[in-house]
Amino acid sequence: MQESKRPLNIVVLVKHVPDAQFDRHLSGPGHTLDRSDSILSELDEYALEAALQLAEARGGQAAGNMVTALTMGPEAAVNAVKKALQMGAYQGVHINDAALPGSDAAATSLVLAAAVRHAVGGGSGLPDLVVAGMSSTDGETSLVPAQLAERLQLAQITFASELEVHDDDDDGAVVVRARRDGDSYSETLEAPLPALVSVTDQANDPRYPNFKGIMAAKKKTVTVLSLQDLGIDPAQVGQDGSWTTVAASAPRPPRSAGTIITDDGTAGVALVDYLAAQKLI
Amino acid sequence: MASVLVFIDVPGLPLPRASRELLTIARGLGEPAVASPRALDDDVLQALGAYGVGAVYEPEGVLPDVLVAAKAAFLADAVRAAEPAAVLLGNSFEDREVAARVGVKLNSGVITDAVAVAPDLSVTKSVLAGSYTSTCRVQSGVPVITVKANSVEPAPADAPAAPERRRLAVSHAGPAARVTGRTEKRVSGRPELSEARVIVAGGRGMDGNFGPVEELADVLGGAVGASRAATDAGWIEHSAQVGQTGKTVSPQLYISAGISGAIQQKAGMQTAKVIVAINKDPDAPVFEIADFGIVGDVFSVLPQATEEIQKRRS
């Protein structure tokens, strides 16, 4: 019964990250990442696709569903939101404040938690779902989704490879169901809404923005928020407000090529000789 | 001396190498104590004692079978009880999430992917998929640190301790996802990819046949890895994927078979101690970082190596 399903309010976390196709660099006093050549994190495309599919299954924007792409970062980070709007997100939110650079996961999750509430009900409410990628492809700590779940007191399902929202006909409760695959087992999971879900790159095939999507994106709203809008003290964020600090960083010495041989029919034996000489067998 | 609390989930016997590594690191920093989310058998307690563990914190009852939230609530309670100088966890996805939530509960900084922890609790970690090394510090609360496997050589204590059990009443976990079903996968007998000391990984060049990769991995006691091309093609399960969007690994030996070595793949394994690469294409980028490279056909080189190892051992 399509019409009986209540619409979902979904916030998707998106991030503008340096393209991993190229070498990446840390620089400056805070050892922060050089963010030129940045793109929408590939792993966030799966999160957005998952959100769009859930909303479309319930009638999309016309039926009152909402899909908001949310990012935090400097001026150029809005490009991640714009790409998300081209792919189909209904609206965007960009948190941009001069105090933010150098924020660690704890400070980032503090700001995102306030922004999620702001994006939904002017600070009062929670969305039905927060959807994130399995990891950012820059910081790679995987801390932010779990910390956001903790701060917002949301049930957390991470690394989902399948995802559905199910309406329980008996008591009207809405739950999210997911599957995830560990190394030694596969689990099915269920959480009541509101919940936070992170999805893997197995969850779906993200759509490409088409011409219609690109044109439509120009008319969509991107709300820019400052820390003041969110009621956050700048002393709680940035390098000074973070709970961790980077004291030093250095590129790993480049690996140099070692011995290269061409197989003359005995390379397998030569390999074993090499492993024996390295005391690896 | 202040304690260092190590979170160990399900430490069956023998104690996994990764757990023994954490206990060894903890002993170098203070007096090791363990927080275990379920009650431990006496023989496990004794095995922990051999690593110098003086106290084991356990929940008073059975924790609910929910994702992360209950374990995080328990560990936060254990930290409040133990008042340690630092908290150490493994670097698995779940351990990092437990660390993440404990950090918020205790206003404590969390550092992941540690490869070394100094006596002053400054942490060396690898970042940007192993292309950089950084030194970090926690500047708020009790440092919560997740440590990568293969970071130290595990060593028992000079004198074993007799750990004291301390049972904790655990705070409410808050909203959480329930586990509604769990299917064990076929047990391969191989080590976990993220903890393995030897990994043999196959890529596009395996052309759908991972047999030679698996046979060499088994004769070396190693794990099987794969490039994204190989997992996307369905030749091997997705959890075997090494690289930017899969697992980052740092084994003693990484053998790359039929993988060209695009930057994302390299990113996942460039902290391996020794890299061996086998590829038909002499221009494959993987040869730029290989300690030992073979330009040749994986279907002749791998079986020959497997056979040679078996011959030398017999």
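Modeller: The crossing of helix 8 of chain A and helix 8 of chain B is right-handed; a crossing takes that name if the near helix is turned clockwise from the far one by less than a right angle, and is left-handed if anticlockwise. The model is predicted, so local features need pLDDT of at least 70 and side-chain atom pairs pLDDT 80 or more, while totals for chains, interfaces and linings use all residues. Residues are numbered from 1 along each chain as written, chains are lettered from A and ligands numbered from 1 in written order, and side-chain values use heavy atoms, without hydrogens and water.

Colleague: Why are helix 8 of chain A and helix 8 of chain B called oblique to each other?

Modeller: Their axes, which come within 7 Å, cross at roughly 55 degrees. Angles under 35 degrees count as roughly parallel, over 145 as roughly antiparallel, 65 to 115 as roughly perpendicular and the rest as oblique. The two helices are therefore oblique.

Colleague: Which residues of helix 8 of chain A meet helix 8 of chain B?

Modeller: A267(A), G268(A), V269(A), L271(A), V272(A), D273(A) and A276(A) meet V301(B), Q304(B), A305(B), E308(B), I309(B) and R312(B), contact being heavy atoms within 4.5 Å.

Colleague: What is the relation of helix 5 of chain B to helix 8 of chain B?

Modeller: The axes of helix 5 (residues 211-219) and helix 8 (residues 298-313) of chain B come within 9 Å and cross at roughly 25 degrees. These helices are therefore roughly parallel to each other. Helix 5 of chain B passes helix 8 of chain B in a left-handed crossing.

Colleague: What makes the pair E150(A) and R101(B) a salt bridge?

Modeller: The rule asks for a side-chain nitrogen of Lys or Arg within 4 Å of a carboxyl oxygen of Asp or Glu. For E150(A) and R101(B) the closest N and O atoms are 2.7 Å apart, so the pair meets the rule. Across the interface of chain B and chain A, 8 salt bridges are found.

Colleague: How many residues of each chain are in contact?

Modeller: In chain B 86 residues are in contact with 82 residues of chain A.

Technical notes. Axes are lines fitted to C-alpha atoms, for helices over the stretch in contact, and angles run from 0 to 180 degrees between N-to-C directions. Helices (H or I, at least four residues) and strands (E, at least two) are DSSP runs, numbered from the N terminus.
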